[in-house]
Amino acid sequence: MQILIINGPNLNLLGKREPETYGRESFEEVLERLRATYPSIQLDYFQSNIEGEIINHIQQADGIYDGIILNAAGYTHTSVAIGDAIAAVGVPVIEVHISNVYAREPFRHISHISAQCAGTISGFGAGSYLLALEALKRKSENLFFPSK
Ligand code: DQA
């Protein structure tokens, strides 16, 4: 399995940025733990503060990756274009947020990407990435409970 994690704007500052909301770990540390937990999964990582670069990576992942874990950060609430990019590709995308966006300001309750994603995980700290990875793994192995 090959999974691409894409982090959006300001997530390069994880560990230093508003640690009471986003935790004290850098994403490099989180990534190391994810790789140690899932040694059989190839986990690639891309971070950008630039909307178009995120769109380019979503497009380029199509046909190469088995899934994308996307924390579009602030672009979640503003970017029709990232939502369109997700809709345009066949690769399943899971939307993640470190914080519980629904317990925060009303503008964070709006997502332009949720409807295009396979699902959303929000509010479990760095664990949101782990839960998304587990979901993609189970999805690919058909390990979810049958719907009846
Ligand atoms: C975030 C939540 C967003 O509202 C915010 O703009 C971020 C991070 C999160 O991971 O909790 O930058 O996506």
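User: Where is asparagine 142 found?
Analyst: Asparagine 142 is in the segment after helix H5 (127-140); helices (DSSP H or I, at least four residues) and strands (E, at least two) are numbered from the N terminus. The model is a predicted one, in which local features need pLDDT of at least 70 and side-chain atom pairs count only at pLDDT 80 or more, whereas totals for chains, interfaces and linings use all residues. Residues are numbered from 1 along each chain as its sequence is written, and side-chain values use heavy atoms, with hydrogens and water left out.

User: Is asparagine 142 buried or exposed?
Analyst: Asparagine 142 is exposed, at a relative accessible area of 70%. Buried means under 20% relative accessible area, exposed means over 50%, and partly exposed is in between (1.4 Å probe, protein chains only).

User: And what is the phi of asparagine 142 near?
Analyst: Its phi is near 55 degrees, a positive value in a residue other than glycine. Alanine 73, too, is a residue other than glycine with a positive phi, near 50 degrees. Alanine 73 belongs to the loop between S3 and H4 and counts as buried, at 11% relative accessibility.

User: Changing topic: which residues surround the ligand?
Analyst: The surrounding residues are Arg17, Tyr22, Asn71, Ala73, Gly74, His77, His97, Ile98, Ser99, Val101, Arg104 and Arg108. The shell divides into four nonpolar, five polar and three charged residues. Ala, Val, Leu, Ile, Met, Phe, Trp, Tyr, Cys and Pro count as nonpolar, Asp, Glu, Lys and Arg as charged, and the others, Gly among them, as polar.

User: How far is an oxygen atom of the ligand from the side chain of arginine 17?
Analyst: An N or O atom in the arginine 17 side chain is 3.0 Å from a ligand oxygen. Histidine 77 places a polar side-chain atom 2.7 Å from an oxygen atom of the ligand, and glycine 74 has a backbone N or O atom 3.2 Å from a ligand oxygen. These are polar contacts, that is, pairs of N or O atoms within 3.5 Å; within protein, one must be able to donate a hydrogen and the other to accept it, and residues adjacent in sequence count only if both atoms are side-chain atoms.

User: How much of the ligand does the protein bury?
Analyst: Taken alone, the ligand exposes 320 Å², and the protein buries 98% of that. The areas come from the Shrake-Rupley method with a 1.4 Å probe, and for residues only the protein chains shown count as cover.

User: Back to arginine 17. Where is its place?
Analyst: Arginine 17 sits in the loop between strand S1 (2-7) and helix H1 (19-22). At 18% relative accessibility, it counts as buried. Not counting residues up to four places away in sequence, arginine 17 touches Pro9, Asn10, Leu11 and Tyr22, where contact means heavy atoms within 4.5 Å.

User: What about serine 122: which residues is it in contact with?
Analyst: Leaving aside neighbours within four places in sequence, serine 122 contacts His97, Ser99, Asn100, Val101 and Ser128. A polar atom of its side chain lies 2.9 Å from the backbone oxygen of serine 99, and one lies 3.2 Å from the backbone nitrogen of valine 101. Serine 122 is in strand S5 (residues 119-122) and is buried, with a relative accessible area of 17%.

User: Now the helices. Which residues of H4 are buried?
Analyst: In helix H4 (residues 80-88), the buried residues are Ile82, Gly83, Ala85 and Ile86. They lie on the same side of H4, because they cover an arc of only 160 degrees around the axis; the arc is that of the directions from the helix axis to the C-beta atoms. Their cover includes helix H3 (51-61), strand S3 (67-71) and strand S4 (93-97).

User: And which residues of H2 are buried?
Analyst: Phe27, Val30, Leu31 and Leu34 are the buried residues of helix H2 (residues 27-37). Their arc is only 100 degrees around the axis, which puts them on the same side of H2. Glu28, Glu32 and Ala36 are exposed on the other side. The cover over the buried residues of H2 includes S1, strand S2 (42-47) and H5.

User: Lastly, which residues does glutamate 51 touch?
Analyst: Not counting residues up to four places away in sequence, glutamate 51 touches Tyr75, Ser79, Ala81 and Ile82. Glutamate 51 is in helix H3 and counts as partly exposed, at 26% relative accessibility.

Technical notes
A residue is near a molecule or strand if one of its heavy atoms lies within 4 Å of it.
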